[in-house]
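Please look over the sequence and the model below before reading on.

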Amino acid sequence: MVKVEFLGPIQKDALELNISNLNELATILQEDKELQEWLQNSAVAVNDTLVASRDFALKDGDRVALLPPVCGG
Amino acid sequence: MLELYDGSLDVPTLLEKWYKEEERSNYGAYIPFVGTIRDEDGIDGLSFDVYEPILASWFESWQEKAKAKNAIIKMAHSRGDVLLHESSYIAAVFSPKRRVALEFIDEFVEDFKASAPIWKYDLKNGERIYAKDRSTAIKGSGILS
């Protein structure tokens with residue numbers, strides 16, 4: 001299973017999904033209407049490292065995080 | 001060095017602590033930036049969420065860049081609520097000469113604003129409202145859309 005977490009202001013509980021890459025995650029999350037805008041403006045990290053492409057393999061135990069727009073300081 | 005605190009930062013204590021840590025390190029320049037929450041738009045304060053694992057690796061990458069210039073960076077940030085006229089963010093660069101520190105603090109704070117995984121909320125009328133309009137999408141966002 002892959003754990004998917006939604007950080008900061010995205011009001012959504014974490015998911016546990018049986019997926020093997022980020023393309024499959026995209027297909028699942030795109031079905032959630034409330035996530036549409038967040039998917040467009042969020043960065044994606046796998047095991048706390050940002051990734052640049054959705055052609056990215058996932059394995060059992062991986063953690064994916066969605067990071068919406070930031071504003072520190 | 002990256003330090004996170006619940007609530008507002010104790011500015012005099014942190015600036016003095018950092019000064020003491022480096023006063024014998026032979027740095028010629030100590031340039032701090034202190035961010036203070038201003039009274040504007042009817043807010044009572046700001047509130048912050050911080051995602052520590054990625055913040056720590058982002059900070060380490062900047063510490064490496066600083067090291068390449070014989071400089072070091074220190075940074076402190078708040079978690080949770082910070083009220084008006086209090087500080088939520090301090091960054092400082094120590095370097096052998098002032099020019100490096102002046103330029104580095106500028107680059108560092110700009111990238112902090114654009115990349116550090118911290119989310120800001122306005123505290124207004126008892127609500128915590130995401131500061132969406134002032135936020136910046138991290139480079140490479142949108143790959144799942």
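In this predicted model, 32% of the 145 residues of chain B count as buried.

**Chain B as a whole**

- Chain B is built from 3 helices and 7 strands, and these follow one another along the sequence in the pattern β-α-β-β-α-β-β-α-β-β.
- The C-alpha trace of chain B spans about 50 × 40 × 25 Å along its principal axes.
- The radius of gyration of chain B is 16 Å, which agrees with the value near 15 Å that a compact globule of 145 residues would have.
- If one takes the contacts in chain B between residues at least 6 apart in sequence, 74% of them join residues at least 24 apart.

**The largest nonpolar core**

- The largest nonpolar core holds 52 residues, and the ones with the most contacts inside it are Ala91(B), Val93(B) and Phe108(B); the element that gives the most to this core is β5(B), with 6 residues.
- Once neighbours within four places in sequence are set aside, Val93(B) is in contact with Ile31(B), Ala66(B), Ala71(B), Ile73(B), Ala101(B), Phe104(B), Ile105(B) and Phe108(B).
- Ile73(B) belongs to strand β4 of chain B, which covers residues 72–83, and Ile73(B) counts as buried because 21 C-beta neighbours lie inside 10 Å, where the cut-off for a buried residue is 20 or more.
- With neighbours within four places in sequence again left out, the contacts of Ile73(B) are Trp62(B), Gln63(B), Ala66(B), Ala91(B), Val93(B) and Phe108(B).
- Although Ile73(B) and Leu2(B) are separated by 71 residues in sequence, their C-alpha atoms are 8.6 Å apart in space.

**The contact between chains B and A**

- The contact draws 29 residues from chain B and 26 residues from chain A.
- On the side of chain B that touches chain A, at least two residues come from each of α2 (52–68), β5 (87–95), α3 (98–115) and β6 (118–124) of chain B.
- Sorted by class, that side of chain B has 15 nonpolar, 10 polar and 4 charged residues.

**Helix α1 of chain A**

- In helix α1 of chain A, which runs over residues 22–30, the buried residues are Leu22(A), Leu25(A) and Leu29(A).
- Viewed down the axis of α1(A), these buried residues fall within an arc of 50°, and therefore they line one face of the helix.
- An α-helix has 3.6 residues a turn, so residues three or four places apart point the same way.
- The elements covering the buried residues of α1(A) include β1 (2–6), β2 (15–17), α2 (36–41), β3 (43–46) and β5 (63–67) of chain A.

**Two loop residues with positive phi**

- Most residues other than glycine have a negative phi.
- Asn47(A), a residue other than glycine, has a positive phi near 50°, and Asn47(A) sits in the loop between β3 and β4 (49–51) of chain A.
- Asn47(A) is partly exposed, because 13 other C-beta atoms lie within 10 Å.
- Asp41(B) is not a glycine either, yet its phi is positive at about 55°; the place of Asp41(B) is the loop between β2 (29–36) and β3 (45–50) of chain B.
- Asp41(B) counts as exposed because it has 7 other C-beta atoms within 10 Å, where the limit for an exposed residue is 12 or fewer.

Terms used: Residues are numbered from 1 along each chain as its sequence is written. Chains are lettered from A and ligands numbered from 1 in the order in which they are written. This is a predicted model: local features need pLDDT of at least 70, side-chain atom pairs count only at pLDDT 80 or more; totals for chains, interfaces and linings use all residues. Two residues are in contact if their C-beta atoms, placed from the backbone, lie within 7 Å. Helices (H or I, at least four residues) and strands (E, at least two) are DSSP runs, numbered from the N terminus. Ala, Val, Leu, Ile, Met, Phe, Trp, Tyr, Cys and Pro count as nonpolar, Asp, Glu, Lys and Arg as charged, and the others, Gly among them, as polar. A nonpolar core is a set of buried Ala, Val, Leu, Ile, Met, Phe, Trp, Tyr and Cys residues joined through C-beta atoms within 7 Å. The radius of gyration is taken over C-alpha atoms; the globule rule is 2.2 Å times the number of residues to the power 0.38. The arc is that of the directions from the helix axis to the C-beta atoms.
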